[in-house]
Amino acid sequence: MRLCFFGPPGAGKGTQAQRIVERLSVPQISTGDLLRHHRKAGTPLGLTAQGFMERGLLVPDDLVIAMVAERLGQADAAGGFILDGFPRTVPQAEALDALLSARGQEIERVLFLDVADGEIVRRIVGRRSCGSCGTIFHVEFSPPAVADRCDRCGGELTRRSDDSEDKVRTRLAEYHSSTAPVGGHYASKGVVRRIHGLGSIEEVCDRLWAALSA
Ligand code: AMP
């Protein structure tokens with residue numbers, strides 16, 4: 001299975017990808033997570049990406065494409081993967097197509113999680129994630145059993161620095177101008193499945209699973 005999770009920031013791509021990888025034995029490849037690891041490790045890529053991410057802007061295509069190419073070349077991605085947050089521009093989609101085509105592969109499904117902008121802002125400002133294992137919570141919709149502690153590993157839950165309301169609005173503007181056209185790129189290949197993104201995490205997961213099984 002070679003899948004992409006597509007949709008606006010905060011639509012639930014990361015949360016749902018975490019659930020789907022538990023059922024399919026393929027890795028979840030989140031470009032946001034990879035870039036945050038680079039920032040934490042202080043690599044040259046992390047230092048360059050930091051300024052863009054802090055402002056809610058997209059990291060330049062050439063940097064992200066090289067990072068993804070390197071990740072897709074690792075052994076665990078040979079049998080399939082779930083891309084989460086990539087491609088986010090048409091040039092990224094074209095580079096991904098070329099990379100896969102050289103391996104005789106292609107993206108089989110693009111799962112488009114559709115959520116309106118007003119709901120996105122509400123979701124993102126309440127989002128918290130575990131600094132140790134990456135599990136995602138929401139203060140209102142999926143709160144942890146103990147405040148600010150991860151149910152899975154006990155790690156501390158924090159809000160991402162780019163999850164403030166002003167930065168969410170910048171990220172949404174980036175989504176509409178640069179990322180939404182990626183949907184058209186894959187629609188022409190007939191692989192996009194639109195999933196209504198409102199409802200409980202379980203309800204949305206069931207819809208995704210039905211779209212994948214069809
Ligand atoms: P995410 O965790 O997917 O919301 O991504 C967080 C931030 O990382 C984004 O706001 C961008 O600054 C950057 N980022 C993640 N994925 C990409 C990508 N495919 N292209 C460019 N920038 C990205």
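Me: Which helix gives the largest share of the shell around the ligand?
Reply: In this predicted model, that is helix 2, spanning residues 31-41, which contributes four residues to the shell.

Me: And how many residues surround the ligand, and which are the closest?
Reply: The ligand is surrounded by 16 residues, and the closest of these are Thr31, Arg36, Leu57, Gly85 and Gln92.

Me: How does that shell divide into nonpolar, polar and charged residues?
Reply: Seven residues of the shell are nonpolar, four are polar and five are charged.

Me: What does the side chain of Thr31 do at the ligand, and what about Gln92?
Reply: Thr31 places a polar side-chain atom 2.8 Å from a nitrogen atom of the ligand, while a polar side-chain atom of Gln92 lies 2.9 Å from a ligand nitrogen atom.

Me: How much of the ligand does the protein bury?
Reply: The ligand taken alone exposes 480 Å², and the protein buries 96% of that area.

Me: Where does Arg36 come in?
Reply: An N or O atom in the side chain of Arg36 is 2.9 Å from an oxygen atom of the ligand.

Me: Switching to the backbone, which peptide bond is cis?
Reply: The bond from Phe86 to Pro87 is cis, with omega near -5 degrees, and Pro87 sits in the loop between strand 3 (81-84) and helix 5 (90-101).

Me: What about the phi of Asp148, and where is that residue?
Reply: Although Asp148 is not a glycine, its phi is positive, at about 60 degrees, and Asp148 belongs to the loop between strand 6 (136-138) and strand 7 (157-158).

Me: Why call Asp148 partly exposed?
Reply: Because its relative accessible area is 47%, and partly exposed covers the range between under 20% for buried and over 50% for exposed.

Methods. Residues numbered from 1 in each chain as written. Predicted model: local features only at pLDDT ≥ 70, side-chain atom pairs only at ≥ 80, totals over all residues. Heavy atoms only, no water. Near = heavy atom within 4 Å. Polar contact = N/O pair within 3.5 Å; in protein donor to acceptor, adjacent residues only side chain to side chain. Areas by Shrake-Rupley, 256 points an atom, 1.4 Å probe, with all protein chains shown as cover. Helix = DSSP H or I, 4+ residues; strand = E, 2+ residues; numbered from the N terminus. Nonpolar A, V, L, I, M, F, W, Y, C, P; charged D, E, K, R; others polar. Buried < 20%, exposed > 50% of the residue type's maximum accessible area, 1.4 Å probe, protein only.
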